[in-house]
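Thank you for making time this morning. I would like to walk you through one structure, so please have a look at it before I go on.

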Amino acid sequence: MIRQVMEGAGLTLWPILSFIIFLTSCGLMLLWLYRPGSTPIYGRMARMALENDDAKHAGEGEEG
């Protein structure tokens, strides 16, 4: 039924086009994520959450 409605309205191009854009963007994201040389960057980002940042915030909360 949906197919008949979309064909009758001339909207068969848009689902195909949106699917192609979706697959292209997901593929490009995966290529960017697993590009060569990105391992040290992601390793550094993963350690940032575990680092002790008491020295950065030692004076915080002591104002007036």
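Let me begin with R35, which lies over the face of W32 at 3.9 Å from the ring centre; a charge is taken to sit over a ring if NZ of Lys or CZ of Arg is within 6 Å of the ring centre and within 35 degrees of the ring normal. This is a predicted model, in which local features need pLDDT of at least 70 and side-chain atom pairs count only at pLDDT 80 or more, while totals for chains, interfaces and linings use all residues. Residues are numbered from 1 along each chain as its sequence is written, and side-chain values use heavy atoms, with hydrogens and water left out.

As for confidence, pLDDT is the predictor's own score for each residue, from 0 to 100, and its mean over the protein chain is 81, with 80% of the residues reaching 70 or more.

Turning to the fold, the protein chain has three helices and zero strands, where helices are DSSP runs of H or I with at least four residues, and strands are runs of E with at least two, numbered from the N terminus.

Helix α2 spans residues 13–33 and contains I21. Is I21 buried or exposed? I21 counts as exposed because its relative accessibility is 53%, given that buried means under 20% relative accessible area, exposed over 50%, and partly exposed in between, with a 1.4 Å probe and protein chains only. Of the 64 residues in the protein chain, 2% count as buried.
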